[in-house]
Amino acid sequence: MRNDRLLEVWNDTVDGHHLIGSLIIGGAVSLGAFQAAEWLLGMFIDDPRMARTYAMLFGIIGCVVGGAICACLFRPKREVVEDTVDTENLQGVLAALYADYGSRGGVEDLPEAVRSELRELELEEAFLVYERDHVQGDAVALAEHDLGRAGREGVKS
Amino acid sequence: MMDALLAQLPVALGMGIIGAVVFSAIGLISGSDETTTIAPLTLLVVLIGVPPAGVYTFFLAGAVSKHMTHAVPTALLGIPGDTMATPMMREANYLRQLGVPHIALRKMISGGVIAALIAVPVTVVFALLLAPFGGFVQHTAPYLFLIAALAIAYFSPGRWAAVLALGPFVLIIVALQNLTAAHGVKLGVSYFLGIAIGPLISDLFLVLSPAERARRKRDRPARFSLAPDVKRWSGYFPNPLKVLDSRQASWTIGTAVASSLTFVFSPVAMTVIMGEVVSSRIRHVYHRLTTTLAVRNGVTESTYIAEALIPLMAFGLPLSPVAAGPAAPLFNAPPRFTVDSASGQVNNLHNLLGTWEFLIYGLLAVVLALLIAYPFSMNYARRAASFVSRNISHEAIIGTFVGLILVIGLWEGGLLGLLVVVTVGLVGGFLSRLLGFNIGVQFMGFYIAVLTVPALTALL
């Protein structure tokens, strides 16, 4: 995708020009709705405080309308890729997972309910293969060591 | 008592449904922080004069629904649904990489359902136990807020930096209050909004500055992979106790009870801690991932419910991060609900609802949220996540929130109100980013400025 105006703002990417457009539209629609509602409601509601509160309601509706207009005008700057779970690399994911968390006991020790869940997800085989290949592996041993007291308590129970 | 309950039932029911529907939708939008969305809408509901039971069910059904649907972007897109969803990213990402994001989603949501149902009665009982101390707490509130603020600051990511930064931050708020008072303007929500939306305000300023803008340039759009979803049950309403195994259900229940009792701590911190406690006790790594997710999302529900309800029922004072932030309008929404800093007198839902009403309407709100958000997110998660990520640009979300800043700021204090929102947001956003002086600490700083500072200066 072209675009040298992409920026990261508030944890997502935006196009600088579209951002300026959104600020103007969002501001104008919400403020317009608020001010117009305050003026109109002021003619029908005697208590100006209540009129102002209801005007705030219209202002908030205006925010949503402004956002909807921006959503129609400016497309998201996200690449959404569907169904790209890379099951080829399951062993790689498992290696990262075991290194990160460590694991005590293998699939055989799992309660039947959990084991059948893994089986239904077609993950049981991958876990078994990984555990067979790495049963003395560094990752597991290391994590076991790091778990310390909490780990030993877990083993006892 | 029955008559009073029945008389308010229709409005409680109606507002609960509105809250659940609105916040189920908002939960799907990533980055829609709780305080920026729940606080202004609850304030609106208070100020247009909805009866107390309706205000209460709107808030509670909204918060519970949001913490269910926030699991959708978290699990399927790998972006946190809101602040409370961030502690679940790591486990959710692993399950996504294993090709089973729907498991992450279902475990989270089912944990949330169970915890929300348990948290309401536990919270009510605990609030009753604390209620005898209500008078004492109201009288000593200014000092309790100071102690709570120091503790919350110390346990924030900023540690001592956050503790020390409280001083200047409180000073800024006191100074702003004196400035606006000189022009006859008294502000409350503007501060909340400024604090809650600070990260956006400070980011907008940052990209205006050429040097920082260069650092934030990206050469291509952010890439998300939307994971597939597989339905594993028949019918529309899956049984949460079947989605979780027995150990997961019991851990979820246990942590829901425990986190209901620790209502003064930061809800994100509780979510992290409870997850770690349980995680270290589960042996197998796969079981650990799924159990941690169920427990953590359960805690996002229970801690929110407890942090809002216990201070509200027992004291009427916003003595917790949630009560001071997203739930603030339940305590303080002048002119309708007020907390008088001098006398400790409160006039809010604390006086307007009785114990039974808190319990029954609380359960009603949770059940409404379950009936709406739970089957929705279980059945339509993937389509919803796909729609949001493909059709709602980040620019549109920013435009909406900037509109909200303008409307609320101008509504509460005219141009001065707007300037206060921007000032507090800019300062707070930077303090949070640079020092780890996070939003929860900032809310407590606000209460020190309005409660503790006047009490201390009266002594001098």
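## The largest pocket

Helix 2 (34–47), helix 7 (134–154), helix 10 (198–208), helix 14 (267–279), helix 16 (321–324), helix 20 and helix 21 (439–459) of chain B each give at least two residues to the lining of the largest pocket. Helices (H or I, at least four residues) and strands (E, at least two) are DSSP runs, numbered from the N terminus. The model you are looking at is predicted: local features need pLDDT of at least 70, side-chain atom pairs count only at pLDDT 80 or more, and totals for chains, interfaces and linings use all residues. Residues are numbered from 1 along each chain as its sequence is written, chains are lettered from A and ligands numbered from 1 in the order in which they are written, and side-chain values use heavy atoms, with hydrogens and water left out.

This pocket has a volume of about 1300 Å³. Its lining counts 50 residues, and the closest to the centre are B:Asp33, B:Thr83, B:Thr86, B:Val268 and B:Ile439. What is a pocket here? On a 1 Å grid over the protein atoms alone, it is an open set of points with protein on both sides within 12 Å along at least five of seven lines, while a cavity is a set of points where a 1.4 Å probe fits but cannot get out; lining residues have an atom within 4 Å of a point. Grid points are joined across faces, edges and corners, and a volume is the space filled by probe spheres set on the points. Sorted by class, the lining has 23 nonpolar, 17 polar and 10 charged residues. Ala, Val, Leu, Ile, Met, Phe, Trp, Tyr, Cys and Pro count as nonpolar, Asp, Glu, Lys and Arg as charged, and the others, Gly among them, as polar.

## The second largest pocket

Now find the second largest pocket, with about 980 Å³ of space. Among its 36 lining residues, B:Lys186, B:Leu187, B:Gly188, B:Pro334 and B:Glu412 lie nearest the centre. Which helix gives the most to this lining? Helix 21 of chain B does, with 7 residues. The lining divides into 22 nonpolar, 9 polar and 5 charged residues.

## Two cavities

The count comes to 2 cavities of 30 Å³ or more. The largest cavity holds about 80 Å³ of space, and its 13 lining residues include B:Leu28, B:Ser30, B:Leu77, B:Val388 and B:Ser389, which lie nearest its centre. Helix 4 (71–77) and helix 19 of chain B each supply at least two of its lining residues.

The second largest cavity has about 30 Å³ of space. It is lined by B:Ala39, B:Leu43, B:Val189, B:Phe192, B:Ala328, B:Pro329 and B:Asn332. By class, that makes 6 nonpolar, 1 polar and no charged residues.

Helix 19 (residues 355–391) of chain B has 37 residues and spans only 45 Å between its end C-alpha atoms, whereas a straight helix would span 54 Å. The expected span is 1.5 Å times one less than the number of residues. Where is the kink in helix 19 of chain B centred? Look at B:Tyr380, where the kink is about 80 degrees. The bend at a residue is the angle between axes fitted to the seven residues ending there and the seven starting there.
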